[in-house]
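Hello,

Here is the structure I promised to pass on to you. Please have a look at it first, and then read my notes below.

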Amino acid sequence: MKTFLATILAICMMAVVFACAAPAPTPADPESDPIDSSAAATEAPAADPAGDGAAEVTPQEDIVFDLDVETVQGETVNTAAFAKAYDLTLVNFWATWCPPCVGEMPYLQSLYEQYSQAEGGQKVGFAGIWLDTESPEDLQAILEQTGVSYPIWKFQPAMEELVAFEYIPTTVFLDSEGHFVGEPVTGGHDEKEWLSIVEERLALLAE
């Protein structure tokens, strides 16, 4: 299993720069392999389209990402309280079966370490939201393979009311009050691209 995951990760690392966002599937069949890249062709979990009589949509920047979530260690964290500790927080939606998701995780980990060790300047926090919460064994294997140590939270349906997305990986940014900064970022990116994206969001905070 570990050899298989190492092979998948190597492929992901080579493909992530070129890959488009993998459509996120509905929950995997229990008999299927959650990290099988063939699963990436199914539809993403997304909020139902608004009907004709739907209420007016709240602008993204006015929404506060304020939820009590469970970490993979079983602890409860409030997302808005977490964001309050940073000038900017990167929140990455991902799944174990999604090659672009897994492929970019080492790059996000590298940036997490860089910003964590930086002295002075603006503080940047990182968190991942794990979608396929029925596959804890695959989660642990991938965290070991990618070396990820930033916080991982479990997905919950209420998140779709705050972040409408059709593909993963999808990444959003929060300011210190939990408001969204800029538009969601879809698709896998390498470290240089992520550094540029983070710096762009930091610049938006100064406007």
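The notes below go through the sheet, the disulfide and the aromatic rings.

This is a predicted model, in which local features need pLDDT of at least 70, side-chain atom pairs count only at pLDDT 80 or more, and totals for chains, interfaces and linings use all residues. Residues are numbered from 1 along each chain as its sequence is written, and side-chain values use heavy atoms, with hydrogens and water left out.

Let us begin with the sheet. Five strands make up an open sheet with mixed pairing, and their order is S6-S5-S4-S8-S9. Helices (H or I, at least four residues) and strands (E, at least two) are DSSP runs, numbered from the N terminus, and two strands pair if DSSP finds at least two bridges between them. At the edges are strand S6 (152–154) and strand S9 (185–186), each of which pairs on one side only. Helix H3 (residues 99–117) packs on the sheet, where it touches S4 and strand S5 (124–130), and its direction makes about 160° with that of S4. Contact here means heavy atoms within 4.5 Å; axes are lines fitted to C-alpha atoms, for helices over the stretch in contact, and angles run from 0 to 180 degrees between N-to-C directions.

Strand S8 deserves a look of its own. Strand S8 (residues 170–175) pairs with strand S4 (residues 88–94) in the antiparallel sense over six bridges, and Asp-175 in S8 is the bridge partner of Leu-88. S8 also pairs with S9, again in the antiparallel sense, over two bridges; there, Thr-170 has Thr-186 of S9 as its bridge partner. Six of the six residues of S8 are buried, so this strand is largely enclosed by the rest of the structure. Buried means under 20% relative accessible area, exposed over 50%, and partly exposed in between (1.4 Å probe, protein chains only). Thr-170, Val-172 and Leu-174 cover one side of this picture, with Thr-171, Phe-173 and Asp-175 on the other, and all are buried.

Next comes the disulfide. The structure holds one (a pair of cysteine sulfur atoms within 2.5 Å), and it joins Cys-98 to Cys-101 with an S to S distance of 2.4 Å. The torsion about the S-S bond of Cys-98 and Cys-101 is about 75°, so the disulfide is right-handed. Cys-98 counts as buried because its relative accessibility is 0%, and Cys-101 is buried at 0% too.

Finally, the aromatic rings. A search of the whole structure finds nine aromatic pairs. Rings of Phe, Tyr and Trp (its six-membered ring) pair if their centres lie within 6.5 Å; planes under 30 degrees apart count as stacked, over 60 as edge-to-face and the rest as tilted. One of the pairs is Phe-93 with Phe-165, which is tilted, at 5.0 Å centre to centre and 40° between the planes. Both Phe-93 and Phe-165 are buried. Another pair, Tyr-112 with Tyr-150, is edge-to-face, with 5.9 Å centre to centre and 70° between the planes. Tyr-112, Tyr-115, Phe-126 and Tyr-150 form one aromatic cluster.

Enjoy exploring!
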